[in-house]
Amino acid sequence: MVRYQILSRDDIAAISALHQAGHSTRAISDQAGVSVRQVQRYVKRTGELGGNKIPAKKKPPGNTRKTSLRTLRVVHREVQRNPRVSARKIREDNLGLLSNVSVRTLSRRIHDDLQYLSYAARPKPVVTVAQEKKRLAFCDRMKDWTIEQWRGVLWSDESRFTVQT
């Protein structure tokens, strides 16, 4: 996340020219669309260099990104093709492109840059071995039933209720 606006050399030259023309930092800030502090910083740097020289652009803070736009497009295609794929699997499938990118970084890029969210699978009931045997026994007993016999079964959609007469 960039904390300040990165200005081009033309913007810096315009700030310097407005300052030399006698404008206040507030007026320059409003006209250039940058913060007052940024104007003060560039005015000070041009003053230290001496008059008309424009200060060189500083490198933005922090390390350079390990993922480029090309890399993100490849990752985007992979996620679109299979939304359930993990960041680790994407990295393993594209080692030539993502060999220097950690799984955590790749996961952050998928979330922050590509705007994909992660979801946990909904928990489902576990079927025990005893339940499996009972189900199989039920199926074996009922496999030869006719349609007439099945018509006598009341299907309750797993709801439990008691009928009293």
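**Entry: a loop residue**

Where is T67 found? I found T67 in the loop between α3 and α4; helices here are DSSP runs (H or I, at least four residues; strands are E, at least two), numbered from the N terminus. Before going on, I noted that this is a predicted model, in which local features need pLDDT of at least 70 and side-chain atom pairs count only at pLDDT 80 or more, while totals for chains, interfaces and linings use all residues. I also noted that residues are numbered from 1 along each chain as its sequence is written, and that side-chain values use heavy atoms, with hydrogens and water left out.

Is T67 buried or exposed? Its relative accessible area is 7%, so T67 is buried (buried means under 20% relative accessible area, exposed over 50%, partly exposed in between, with a 1.4 Å probe and protein chains only). I then looked up its partners: setting aside neighbours within four places in sequence, T67 is in contact with V101 and R109 (contact means heavy atoms within 4.5 Å).

**Entry: the cores**

V101 turned up again in the largest nonpolar core, which has 11 residues. A nonpolar core is a set of buried Ala, Val, Leu, Ile, Met, Phe, Trp, Tyr and Cys residues joined through side-chain atoms within 4.5 Å. Its other members include L72, V75, V79, I90 and I110. I saw that α4 (69-81), α5 (87-93) and α7 (103-112) each supply at least two residues of this core, and that α4 gives the largest share, 3 residues.

**Entry: α2 against α3**

How do helix α2 (residues 25-32) and helix α3 (residues 36-49) pack? I read an angle of about 110° and axes 8 Å apart. Axes are lines fitted to C-alpha atoms, for helices over the stretch in contact, and angles run from 0 to 180 degrees between N-to-C directions. The two helices, α2 and α3, are therefore roughly perpendicular (65 to 115 degrees; under 35 is roughly parallel, over 145 roughly antiparallel, the rest oblique). T25, R26, I28 and S29 of α2 make the contact with V36, V39 and Q40 of α3. I sorted these residues into 3 nonpolar, 3 polar and 1 charged (Ala, Val, Leu, Ile, Met, Phe, Trp, Tyr, Cys and Pro count as nonpolar, Asp, Glu, Lys and Arg as charged, and the others, Gly among them, as polar).

**Entry: α1 and its partners**

Helix α1 (residues 9-20) packs with α2 at about 145°, with axes 10 Å apart. I15, L18 and H19 of α1 meet I28, Q31 and A32 of α2; I counted 4 nonpolar, 2 polar and no charged residues there.

I turned next to α1 and α3, whose axes come within 10 Å and cross at roughly 80°. These two, α1 and α3, are therefore roughly perpendicular as well. I12, I15, S16 and H19 in α1 meet V39, Y42, V43 and T46 in α3, a contact with 5 nonpolar, 3 polar and no charged residues.

**Entry: another loop**

Last, I checked Q115, which lies in the loop between α7 and α8 (129-142). Q115 counts as exposed because its relative accessibility is 58%. Its C-alpha atom is separated by 42 Å from that of S156, 41 residues apart along the chain.
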